[in-house]
Each structure stands twice: as structure tokens, then as C-alpha cells.
Amino acid sequence: MKQSLLKKMLLYFSAVLLLFSLLMGVLFSLLFARHSQEIHQEEMQKRALALAAAIPAMEEATKILQAEDDSSANTSRPAVNFSGRGHGRHGSMMQQGQGWCRRQYSEPDNNATAFFQQLNELGEGEVWLVSAGSHMIRSYGAENKDILTDLPPEAEELIAEVLQGQAVHSRAFSPLLGTPAITVAAPIYQNGRISGAVLLHHSLKNMEASQWQGIRLLGISLLLALLLTAVLAAILARHFTRPLLKMQQTARAFASGDLTARTGIHQQDEIGQLAADLDTLGTELEQSRTERQDFLTAISHELRTPLTVLRGTLELLWQDLTSTPEQKSRCQAQAMSSLTTLERLVGDLLELTRLQNPGFTLQKETLDVTEAFQDAVRQMQIMAAAKQIKIVTDFHQPQIIEGDYGRLRQLLVILLDNAIKFSPEETSITVAQEITPQGWQFSVTDQGCGIPPEELPHIFAKFRSSRGQANRQGTGLGLAIAQEIAQRHGLQLTCESQISQGSKFIIIAE
């Protein structure tokens with residue numbers, strides 16, 4: 001079980017961790033890439049604006065931009081040659097409208113080459129210059145020649161916008177650069193007018209490298225988290241399985257008949273509560289077994305006495321050992337009395353068993369409990385008259401409840417029978433109704449011998465209601481049956497008693 005629980009916990013934790021890591025990885029990639037691009041774009045924008053502000057003060061930049069303006073104004077005039085070459089071909093291309101021309105500078109001793117290298121260092125990327133008066137793009141490059149280029153529409157739109165005075169950005173130049181890149185453009189102002197634009201390109205490979213570095217760190221963190229999860233799962237499994245194994249051993253001990261086994265677990269959590277419930281169950285099972293053994297011992301004793309008397313009497317009659325008709329008549333009466341006792345005992349046992357069966361239901365209806373108790377008093381008047389005992393009733397008003405009429409009458413019959421048996425002759429028994437702020441109650445008060453204090457807590461237990469030799473006619477189950485009937489109706493049955501002063505049984509509506 002331990003290994004199974006450990007595997008399950010490790011599997012669950014790992015699945016949750018992997019799912020969480022996957023979600024976080026996707027969010028991290030998206031958010032990190034977007035955030036990095038936004039920050040990098042802002043920094044590039046600042047550098048582009050700084051370059052655009054500084055370029056007019058650079059002599060070489062002024063020459064380049066002025067040369068382009070002159071070339072645009074008069075294309076037939078020889079253009080300024082910064083690379084040692086004329087650009088009449090550029091002028092002819094512009095006149096024919098064949099697109100943009102890119103001029104790259106790479107000659108070592110060329111001033112323009114040094115200028116663009118300096119721009120690239122200041123801009124921390126690749127810098128292009130565009131004059132407002134031509135379709136010439138100038139930059140540092142390895143080819144050191146003019147290249148006729150068709151710009152993507154988005155790139156031409158970006159140049160058109162920046163030459164109108166807007167600072168813009170785009171990825172439209174990525175195909176020309178041969179790599180994904182961000183382009184930021186800023187206008188160059190000279191003498192209060194836009195003389196050109198500076199385009200700053202920066203490859204996205206660096207950002208992608210940073211992003212992959214973050215993902216690698218996330219992967220390493222995931223592996224460490226999985227290792228930590230395995231250790232944590234092992235610790236938790238150990239914490240959970242120890243008490244579970246103890247509870248399993250205790251349950252198996254119960255199954256084998258050892259009801260004295262206990263878990264010994266004391267934890268302030270659900271497992272501790274379960275262990276406490278299991279220990280309580282063991283205690284109740286042990287108590288139930290003890291009660292059952294006591295009950296079997298008691299019932300064996302109760303059955304043995306009348307059976308022994310009955311057997312002895314029948315043997316006398318069978319062997320015809322009675323010498324006179326009077327003796328024979330006494331034996332027959334004694335046998336009949338023993339049979340009656342056995343019948344009452346068996347009947348009470350069946351009645352108590354039926355009431356204690358959870359599947360047994362009472363035939364409840366709306367009734368007046370006062371009427372049921374009055375009926376019980378009328379039934380017991382004959383038995384009370386045999387001992388010259390007077391039953392006095394004090395009923396005030398009807399009490400409507402949901403109950404079983406016959407069972408409620410039986411409840412009071414049992415209490416009256418008990419009171420009559422233990423009351424001296426020529427005394428009285430009072431059955432009174434009382435109304436209290438909490439509800440109502442009925443009491444049965446006798447003037448009998450009373451119940452010893454040490455017996456009072458046990459009078460509703462089976463075979464514990466005997467008061468010395470005064471209960472020879474009883475089975476010891478009457479009060480237990482009365483208690484079951486009361487509980488079935490949601491009533492509380494209690495007793496107050498003093499030696500030589502009588503007893504008072506109280507039926508209380510809870």
C-alpha cells in the first residue's frame with residue numbers, strides 16, 4: 001500500500017507540476033517576448049531619436065544628405081562620389097522609376113565607411129540613412145556597391161511616414177536583412193526642414209536567445225521541482241501510510257476477534273479523527289460483546305430456574321410420586337406457573353428484540369397520549385385492586401403527538417405494573433400530568449420500597465430491574481422495553497427514587 005500511495009502521489013504531483021510548468025512556459029514565452037520587444041523597441045526609439053538629433057552636426061552626414069538633395073535636383077549633374085565611384089547609374093535608375101537603390105560602404109580608408117561604422121556603434125545595430133530628396137539608402141556593408149532594391153510595400157510606407165515627421169517602427173525590412181528584425185525610424189531635421197531619416201535595425205535573434213535561455217532555466221527549474229516533488233511525495237506518503245497501516249492492523253484485529261486492539265494515533269486532522277472513530281468503534285464493539293455475554297448469562301439463568309422447577313415437577317407427576325390429590329394439584333399448579341413464567345420471559349425477549357431491531361417500524365398516527373395513558377390506567381385497575389392499591393390520576397388536557405397508540409399504552413402499563421409489584425397493600429399510586437416551559441411530562445409515583453442509589457443508573461438495563469426478592473414475578477425486561485418504546489417516540493424516561501419512600505418514573509417530551 002505504501003508503494004502504491006507513493007506512486008500515486010508522485011504521479012499526481014508530477015502531472016500537476018508539468019501542467020503548471022507547461023502553462024507557465026507558454027505564458028512566459030508570450031509575455032517575455034512581448035515585454036522584451038516593447039522594452040527593446042523603446043530603447044531603439046530613443047537611440048534612433050538621439051542619432052537623428054546628432055547627425056546634422058556630423059560633417060560626413062551633411063555631405064551625404066546634401067549630395068542626395070543635389071542629385072535629386074539635377075540628376076544630369078555628376079553626383080558626389082563618396083565611394084570613389086560616380087552614381088550616374090543611380091540617377092538613371094531614379095529617372096526610370098525602377099525602385100530604391102542601396103549603397104553600401106566598406107572600403108577601409110573611406111570617410112563614409114568610418115562614418116557608418118561609427119553610426120552602427122552608436123546605434124548598437126545596423127543604421128541606414130535615407131535622404132528626403134531621393135530613393136537612395138546608404139549603409140555600411142560588405143558588398144561596397146550600389147544595389148537596386150525593391151522594398152516591400154510596408155517598408156516604403158514606413159519611409160514615407162518618417163519623412164513626414166513621424167517616428168515609426170516596423171518589421172518590414174526583415175526580408176532585406178535576411179533575419180527577423182525590428183526597424184525604428186526617426187526623421188532628421190536640418191534648418192527647420194526634414195532632410196532625411198535614420199533607420200535603426202536590430203535583429204530579434206538576441207531576444208530569441210534570451211527567450212530560449214529563460215525557457216532552459218524554466219526547464220532546469222522543472223527538473224529540480226520534480227526532484228523536490230518526489231522527496232515531498234515520499235515524506236507525505238510516509239506521513240499518511242503509517243497511520244493507515246496502523247488502522248489496517250487494528251481493523252484486521254477486530255475481524256479476528258481481538259476487540260482490545262487500538263490504533264494509538266493522536267493527530268489533529270482527518271486521519272486522526274478516523275483513527276479516533278475506529279478506536280471508539282472498538283470500544284463499543286467490546287462493550288457490546290460484554291453486554292451480549294452478560295445478557296446470554298442472565299437469560300440462561302432466567303430460563304434455567306423455571307425449566308428446573310418444571311422438570312422436577314413433571315418428574316414427580318410422571319413417576320406418580322405424589323401421594324395425595326392435594327400434592328398432585330400443587331405440582332400441577334407449580335408446573336403451570338413455571339410455564340407462565342417461561343411464556344412471559346420468551347414474550348418479553350421477543351418484544352425487546354423487535355423494538356431494538358432498526359428495521360422495525362411503529363404504526364404511528366396522530367393521537368392523544370393522555371387518552372392512551374387513561375386506557376392503560378383502566379387496564380391496570382383490576383391488578384391494583386387485588387392488592388387494595390388505589391391508582392390516582394391527575395390529567396389536565398390532551399397532548400397530541402405522532403405515535404403508536406398500543407405501544408404508548410404498553411409503556412404506561414409496564415410502569416404501573418412495576419409500581420404495583422413494589423408497592424405495599426392499601427397504598428396509592430399517582431399518575432400525574434405536568435405542563436412545563438419546555439413541554440409536558442407524565443409521572444408515575446409509588447410508595448414502595450425504593451431503589452438503592454447504586455442500582456438506579458442500571459434499572460433500564462436488561463435483567464437489572466430486580467429489587468431484592470420483591471420481583472419474583474418479573475422477567476427483568478419490562479423497564480428495558482419501556483425505555484425502547486420511549487426512545488422510539490422521542491421521549492425521555494427517567495427515574496427518581498429513595499429507599500423506603502418510593503419511586504417516581506417520569507416520561508418527558510424532549
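Good morning. In this talk Asp and Glu count as negative, and a surface patch joins like charges that lie within 9 Å. The model you see is a predicted one. With that in mind, let us begin at the surface.

Which residues gather in a patch of negative charge on the surface? They are Asp-150, Glu-154, Glu-156, Glu-157 and Glu-161. Glu-161 belongs to helix α5, which covers residues 153-162. Its relative accessible area is 33%, and Glu-161 is therefore partly exposed.

The surface also carries a nonpolar patch of about 780 Å². Its members are Phe-20, Leu-22, Leu-23, Met-24, Val-26, Leu-27, Leu-30 and Leu-31.

I turn now to charged pairs. Side chains of opposite charge can pair when their charged atoms come close. How many salt bridges does a search of the whole structure find? The search finds 9. A network of salt bridges links Glu-351, Arg-354 and Arg-407.

Asp-375 deserves a moment of its own. Asp-375 forms a salt bridge with Arg-378, where the closest N and O atoms are 3.9 Å apart. Both residues lie in helix α10, 3 residues apart, which is about one turn of the helix. Asp-375 has a relative accessible area of 19%, and because buried means under 20%, this residue counts as buried. Arg-378, at 53% relative accessibility, counts as exposed. Asp-375 also forms a salt bridge with Arg-409, and here the closest N and O atoms are 3.1 Å apart. This second pair links distant parts of the chain, as Asp-375 is in helix α10 and Arg-409 is in helix α11, 34 residues apart. Arg-409 is partly exposed, at 28% relative accessibility.

Helix α10 itself spans residues 369-386, and Thr-370 lies within it. At 5% relative accessibility, Thr-370 counts as buried. The C-alpha atoms of Thr-370 and Gln-397 are separated by 7.5 Å, although the two residues are 27 apart along the chain.

My last topic is the aromatic rings. The count comes to 7 aromatic pairs. Among them, Trp-128 and Phe-173 form an edge-to-face pair, at 5.5 Å centre to centre and with 90° between the planes. Trp-128 lies in strand β2 (residues 126-131) and Phe-173 in the loop between β5 (168-170) and α6 (174-177), so the pair ties together parts that are 45 residues apart in sequence. Both Trp-128 and Phe-173 are buried.

Why is the pair of Phe-395 and Phe-442 edge-to-face? The ring centres of Phe-395 and Phe-442 are 5.6 Å apart and the planes stand at 75°, and planes over 60 degrees apart count as edge-to-face. Phe-395 is in the loop between β9 (390-394) and β10 (400-403), while Phe-442 is in strand β12 (residues 439-445), 47 residues away. Phe-395 and Phe-442 are both buried. Ring pairs also link Phe-373, Phe-395, Trp-440 and Phe-442 into a cluster. Thank you for your attention.

Methods. Residues are numbered from 1 along each chain as its sequence is written. This is a predicted model: local features need pLDDT of at least 70, side-chain atom pairs count only at pLDDT 80 or more; totals for chains, interfaces and linings use all residues. Side-chain values use heavy atoms; hydrogens and water are left out. Patches are made of residues with over 30% relative accessible area and no salt bridge: like charges are joined within 9 Å, nonpolar side chains (Val, Leu, Ile, Met, Phe, Trp, Tyr) within 5 Å. Accessible areas come from the Shrake-Rupley method with a 1.4 Å probe; for residues, only the protein chains shown count as cover. A salt bridge is a side-chain nitrogen of Lys or Arg within 4 Å of a carboxyl oxygen of Asp or Glu. The place of a charge is taken as NZ of Lys, CZ of Arg, CG of Asp or CD of Glu. Helices (H or I, at least four residues) and strands (E, at least two) are DSSP runs, numbered from the N terminus. Buried means under 20% relative accessible area, exposed over 50%, partly exposed in between (1.4 Å probe, protein chains only). Rings of Phe, Tyr and Trp (its six-membered ring) pair if their centres lie within 6.5 Å; planes under 30 degrees apart count as stacked, over 60 as edge-to-face and the rest as tilted.
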